[in-house]
Amino acid sequence: QVTMIESGGGLAQAGDSLTLSCIASVHAFKSVAVAWFRQAPGKEREFVSSISFDGSESFYADSVKGRFTISRDNAKNTVYLQMNRLKPEDTAVYYCAGPGLDTNPRKYRYWGQGTQVTVSS
């Protein structure tokens, strides 16, 4: 059984920063690629970013490239999403998922419960 738990969401103003964390209770976490997705009300779940098992590769949606940074600390079984220069359109529930790097959410077996990020203008 794999559990993934997100934290760090909240209210922010445009231009602010937030850091999301995803801790995974999975054996051999250091061998698992992890991704972040988000889902805004009335919209489909969309890919945000993903990181390889060792952190050597990372991928971003065009909408967040240059503003968001994904990283991981395998000693803590945690993946982070540093979100800078937030925009109102970043408002969504953010989910971590694994294992994988794919942009298609249907490719992922494990999901966290999500953390809400709300950005006001």
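Predicted model: local features only at pLDDT ≥ 70, side-chain atom pairs only at ≥ 80, totals over all residues.
Visitor: Which residue in β3 does T3 stand opposite?

Guide: In general, strands of a sheet pair through backbone hydrogen bonds, in either a parallel or an antiparallel manner. Here the residue opposite T3 is S25 in β3. The two strands, β1 and β3, are antiparallel and share five bridges. Strands are DSSP runs of E with at least two residues, helices are runs of H or I with at least four, and both are numbered from the N terminus. Two strands count as paired if DSSP finds at least two bridges between them.

Visitor: In what order do the four strands of the open sheet stand?

Guide: The order is β1-β3-β8-β7, with antiparallel pairing. At the edges stand β1 (3-7) and β7 (68-73), each with a single partner strand, so one side of each has no neighbour in the sheet. From one strand to the next, the twist averages 15 degrees; such angles run from 0 to 180 degrees between N-to-C directions, on axes that are lines fitted to C-alpha atoms.

Visitor: Over how many bridges do β7 and β8 pair?

Guide: Strand β7 pairs with β8 (residues 78-83) over six bridges, in the antiparallel sense. As one case, T69 has Q82 of β8 as its bridge partner.

Visitor: How many helices and strands does the protein have?

Guide: The protein has eleven strands and zero helices. Its radius of gyration is 13 Å, close to the 14 Å that the globule rule gives for 121 residues, so the protein is as compact as a globular protein of that length. That radius is taken over C-alpha atoms, and the rule is 2.2 Å times the number of residues to the power 0.38. Along the principal axes, the C-alpha atoms fill a box of roughly 40 × 25 × 25 Å.

Visitor: What percentage of the 121 residues is buried?

Guide: Buried residues account for 43% of the 121. The protein exposes about 6,400 Å², of which carbon and sulfur atoms supply 50%; such areas come from the Shrake-Rupley method with a 1.4 Å probe, and for residues only the protein chains shown count as cover.

Visitor: Which residues have the most contacts inside the largest nonpolar core?

Guide: A nonpolar core is a set of buried Ala, Val, Leu, Ile, Met, Phe, Trp, Tyr and Cys residues joined through side-chain atoms within 4.5 Å. The largest one here has 33 residues, and W36, F68, L81, M83 and Y94 have the most contacts inside it. Among the elements that give two or more residues to this core are β4 (34-39), β5 (46-51) and β9 (92-98). Neighbours within four places in sequence aside, the contacts of F68 include V48, Y60, L81, M83 and Y94, where contact means heavy atoms within 4.5 Å.

Visitor: Where is N77, and where is R85?

Guide: N77 is in the loop between β7 and β8, and R85 is in the loop between β8 and β9. Neither is a glycine, yet phi is positive in each: about 50 degrees for N77 and about 45 degrees for R85. N77 is partly exposed, at 22% relative accessible area.

Terms used:
Residues numbered from 1 in each chain as written. Heavy atoms only, no water. Buried < 20%, exposed > 50% of the residue type's maximum accessible area, 1.4 Å probe, protein only.
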